[in-house]
Amino acid sequence: MAAPVQRRNLVGEAVLLTVICLFCVFPFYWMVTTSLKTQVVALQSPPVWVFTPTLANYWEVLFVDKVGPALVNSIIVAVCTTGLAVLLGTPAAYALARFEFRGKTDLWFWFITNRFVSPVVLAFPVFLISRELGLRDTHLALILMYLTFTLPIVIWICTDQFRSIPRELDEAALLEGASQFRIFRSICLPLAMPGVAVSAILSFIFSWNELLFAYILAPKNAKTAPAMAVTFMEGYDVPYGKIMATSTLIVVPVLIFALLASKHLVRGLTMGAVK
Amino acid sequence: MTTRVRRRTIAAFLGPAVAALALVGIAPLLYAVWKSLHYFNLTKLAQERYVGLDNYAAVLTDAVFWQAMGRTATLFAIAVPVQIALGLTIALVLHRPGLTFWKTLTRLSLVLPMATTYAVVGLLAQVMLNQKYGVFNQMLGWVGIDAINFIGDPTNAFIAVILWDIWQWTPFVALVLLAGLSTVPPEIEEAATLETRSNWTVLRFVQLPYLVPSLVAVLILRTADTLKLFDMPFTMTRGGPGAATEFIAVLIERVGNRQFDIGMAAAQSIIMLALTIVLARLYIRLFYREVR
């Protein structure tokens, strides 16, 4: 008697799971297919599902509409800010994991608090300051501002990772006469590589996705790809195919990284409160 | 046992990170506080002057500001309960044994929406929800509903933002709750399922107590992220039509970047920051007890 009931449950469950998958994936399917449509096909009403695909939109956005340079800007900014965050963040994380000192918890809380601060709070003062310093519309301004979210993420994830490395290793090395820095550099950092990699991937994703700082601080030369996509919406004749081609180019790299770090994305977004 | 180290060593390890974060995170904030005490408009620089707390008084009595706050609160009040209800359902299904391959696949696809560039999510909405060319309206047509003007009509645009927020963040809520469910000791769960056939009873009396931390995390983070919400409504509707989807961050961007009134935008953002810090403190107090 029990078996058929269970089988029916499983079928129901499988259907539900399929619905959930479709719910998540369908917009991406539509994005990619629209990017392969010519403007004439894209503006058919009702929308068509079967058509002859063309790569013309990609060709046009990459080489005519300067999405290519914007993608390069995005890569430069995301890679540099990630590198800088790892460089500055890993020693700090090590110190938080290993040393005892006054004000440690306050410092820790301050790092986490950055997760909550809206970029719109910082964007205008930074806009004014960067104008004064001649940093407006440079990669450097964006790289530095992105540290406000990449550095906390690196520090948080790496602190956790360093804590999981047995202290006995440090103590043995200390007895051998190694300096604290040497212990960090040659013993703990290599062991903490999985955490460093995860935090780097998350930093890259969050920097790559950022719009507000980029939109306000880098209007032209350092314009990143998301800010570029926004400008397509200005004007009367909305080029659907081109917008979706640009969107696809922006989203595909992040999705690949997100799948690579899928287990840790939620941990990153919650700053580790949820394991 | 803790390693005893000299102060200078600690400073060398922490100094660079602290200095960098102070430079990009705190210095601009102090500058914003300073500017918020001035009349400062980029198009009328000659009129710059110290006005004390006038900007704050203006913001706090400004109907537009409170309407934007109200819209932000409404979005939260509608979207988050739906996200929790759907997310919990998804989490419970994924938590049940069996169909492992399907479930791995589902878990992977759940990661996609929350990782997607928020600006692109807004653009996707433009394309999919268009009254004439949008696939969403085509699907509504299949079930006999007339095409809806999502982007052009104030109420519908607001609904569209809610729907899109639900699409992007339900998976996040589901995965957070799934992580919460995995903290229920399996023996207790098994014992309970032997005792009762009702899934509801198991949920209410066995799983729910373990889910409380995840639910609180979801509530606080969703509040903070709703206050931050800018990219998606901005690329989708630019806050329009009228001010129908002008959430708080979109309003501040308009005042600062399109009306050039940076003194006022600074005052608005400082008020928002105060709210955010309360949230952050709450979150930290609840979730980081072990580091104290």
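This is a predicted model: local features need pLDDT of at least 70, side-chain atom pairs count only at pLDDT 80 or more; totals for chains, interfaces and linings use all residues.
1. Over all chains, it holds 13 salt bridges. Let's walk through some of them.

2. Start inside chain A. A:Asp170 pairs up with A:Arg98 in a salt bridge, and their closest N and O atoms sit 2.9 Å apart. Look at where the two partners come from: A:Asp170 is in helix H8 (residues 167-175) and A:Arg98 is in helix H4 (residues 67-98), so this pair ties together parts that are 72 residues apart in sequence.

3. Are these two partners buried or exposed? A:Asp170 has 5% relative accessibility, so it counts as buried. A:Arg98 has 2%, so it counts as buried as well.

4. Now for a pair that involves both chains. A:Arg115 makes a salt bridge with B:Asp225, with 3.1 Å between the closest N and O atoms. This one crosses between chains: A:Arg115 belongs to the loop between helix H5 (104-113) and helix H6 (119-132) of chain A, while B:Asp225 belongs to helix H9 (residues 199-228) of chain B. Both A:Arg115 and B:Asp225 are buried.

5. B:Asp225 has 15% relative accessibility; the cut-off for buried is under 20%, so B:Asp225 counts as buried. B:Arg222 is buried too, with a relative accessible area of 1%. Through shared partners, salt bridges join A:Arg115, B:Asp165, B:Arg222 and B:Asp225 into one network.

6. Next, zoom out to chain B as a whole. What does its secondary structure come to? You'll find 12 helices and two strands. The C-alpha atoms fill a box of roughly 75 × 70 × 30 Å along the principal axes.

7. How is chain B packed? Of its 292 residues, 54% are buried. If you take the contacts between residues at least 6 apart in sequence, 66% of them join residues at least 24 apart.

8. Finally, the surface and charges of chain B. The chain exposes about 13000 Å², and carbon and sulfur atoms supply 65% of that. Its side chains include 23 positive and 16 negative ones, and the centres of these two sets lie 9 Å apart.

Notes: Residues are numbered from 1 along each chain as its sequence is written. Chains are lettered from A and ligands numbered from 1 in the order in which they are written. Side-chain values use heavy atoms; hydrogens and water are left out. A salt bridge is a side-chain nitrogen of Lys or Arg within 4 Å of a carboxyl oxygen of Asp or Glu. Helices (H or I, at least four residues) and strands (E, at least two) are DSSP runs, numbered from the N terminus. Buried means under 20% relative accessible area, exposed over 50%, partly exposed in between (1.4 Å probe, protein chains only). Contact means heavy atoms within 4.5 Å. Accessible areas come from the Shrake-Rupley method with a 1.4 Å probe; for residues, only the protein chains shown count as cover. Lys and Arg count as positive and Asp and Glu as negative; His and the chain ends are not counted. The place of a charge is taken as NZ of Lys, CZ of Arg, CG of Asp or CD of Glu.
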